Amino acid sequence: MKRQGLLTDILQIAKAVDDEVVTRDLVPAFVKLLKDTEAEVRTAIAGQIPGFCKLVDRTTLLNDIMTTVEDLVSDTSQHVRAALGTQISGLAPILGKQEYVYLHRLV
């Protein structure tokens with residue numbers, strides 16, 4: 001499965017390229033993986049949410065990524081929800097208090 005390879009590489013690629021490439025190319029790919037039809041892919045990428053989000057500017061994070069992360073809170077797969085639950089605290093320093101409290105209430 002090609003997506004599995006991308007899962008392991010996307011964070012490393014994001015660290016190696018400039019911010020423009022992350023925003024233009026990698027954020028859409030990351031969001032697409034968060035919305036993947038396979039629960040295994042969504043579970044795996046959920047584990048990378050805080051690490052990836054640290055590399056994204058706040059506006060892009062709030063506008064492009066967080067709406068999809070919020071959708072994972074009610075994902076049909078308990079594994080996806082559990083993976084998200086273990087990563088949610090890693091978003092606190094990235095999001096700030098107001099957004100984190102909102103997201104934490106959803107979980």
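1. The axes are lines fitted to C-alpha atoms, for helices over the stretch in contact, and the angles run from 0 to 180 degrees between N-to-C directions.

2. The model is predicted: local features need pLDDT of at least 70 and side-chain atom pairs count only at pLDDT 80 or more, while totals for chains, interfaces and linings use all residues. Residues are numbered from 1 along each chain as its sequence is written, and side-chain values use heavy atoms, with hydrogens and water left out.

3. On confidence, pLDDT is the predictor's confidence in each residue, from 0 to 100. The protein chain has a mean pLDDT of 86, with 82% of its residues at 70 or more. Helix H2 (residues 19-34) has the highest confidence, a mean of 95, and helix H8 (residues 97-106) the lowest, at 60. Where pLDDT is low, the predicted coordinates should not be read in detail.

4. The protein chain contains eight helices and zero strands, giving the pattern α-α-α-α-α-α-α-α along the sequence. Helices (H or I, at least four residues) and strands (E, at least two) are DSSP runs, numbered from the N terminus.

5. Of the 107 residues in the protein chain, 38% are buried; buried means under 20% relative accessible area, exposed over 50%, and partly exposed in between (1.4 Å probe, protein chains only). The accessible surface of the chain is about 6,000 Å², and carbon and sulfur atoms account for 52% of that surface. These areas come from the Shrake-Rupley method with a 1.4 Å probe; for residues, only the protein chains shown count as cover.

6. Contact means heavy atoms within 4.5 Å. Among contacts between residues at least 6 apart in sequence, 67% join residues at least 24 apart.

7. H2 packs against H3 (residues 39-46). Their axes are 8 Å apart at an angle of about 130°, so the two helices are oblique to each other. Phe 30, Leu 33 and Leu 34 of H2 and Val 41, Arg 42 and Ile 45 of H3 make the contact. By class, these are five nonpolar, no polar and one charged residues; Ala, Val, Leu, Ile, Met, Phe, Trp, Tyr, Cys and Pro count as nonpolar, Asp, Glu, Lys and Arg as charged, and the others, Gly among them, as polar.

8. H2 also packs with helix H5 (residues 58-72), at an angle of about 10° and with axes 10 Å apart. H2 is therefore roughly parallel to H5. On the H2 side are Thr 23, Val 27, Phe 30, Val 31 and Leu 34, which meet Thr 60, Asp 64, Ile 65, Thr 68, Val 69 and Leu 72 in H5. This contact has seven nonpolar, three polar and one charged residues.

9. H3 and helix H6 (residues 78-87) cross at roughly 5°, their axes coming within 8 Å; they are therefore roughly parallel to each other. H3 contributes Ala 39, Arg 42, Thr 43 and Ala 46, and H6 contributes His 79, Val 80, Ala 83, Leu 84 and Gln 87. The residues divide into five nonpolar, three polar and one charged.

10. Two loop residues remain. Val 17, in the loop between helix H1 (2-16) and H2, is partly exposed at a relative accessible area of 30%. Leaving aside neighbours within four places in sequence, Val 17 is in contact with Val 22 and Leu 26. Ile 88, in the loop between H6 and helix H7 (92-95), is buried, with a relative accessible area of 4%. Ile 88 and Val 69 are 19 residues apart in sequence and 9.7 Å apart in space, C-alpha to C-alpha.

Notes:
Parallel < 35°, antiparallel > 145°, perpendicular 65-115°, else oblique.
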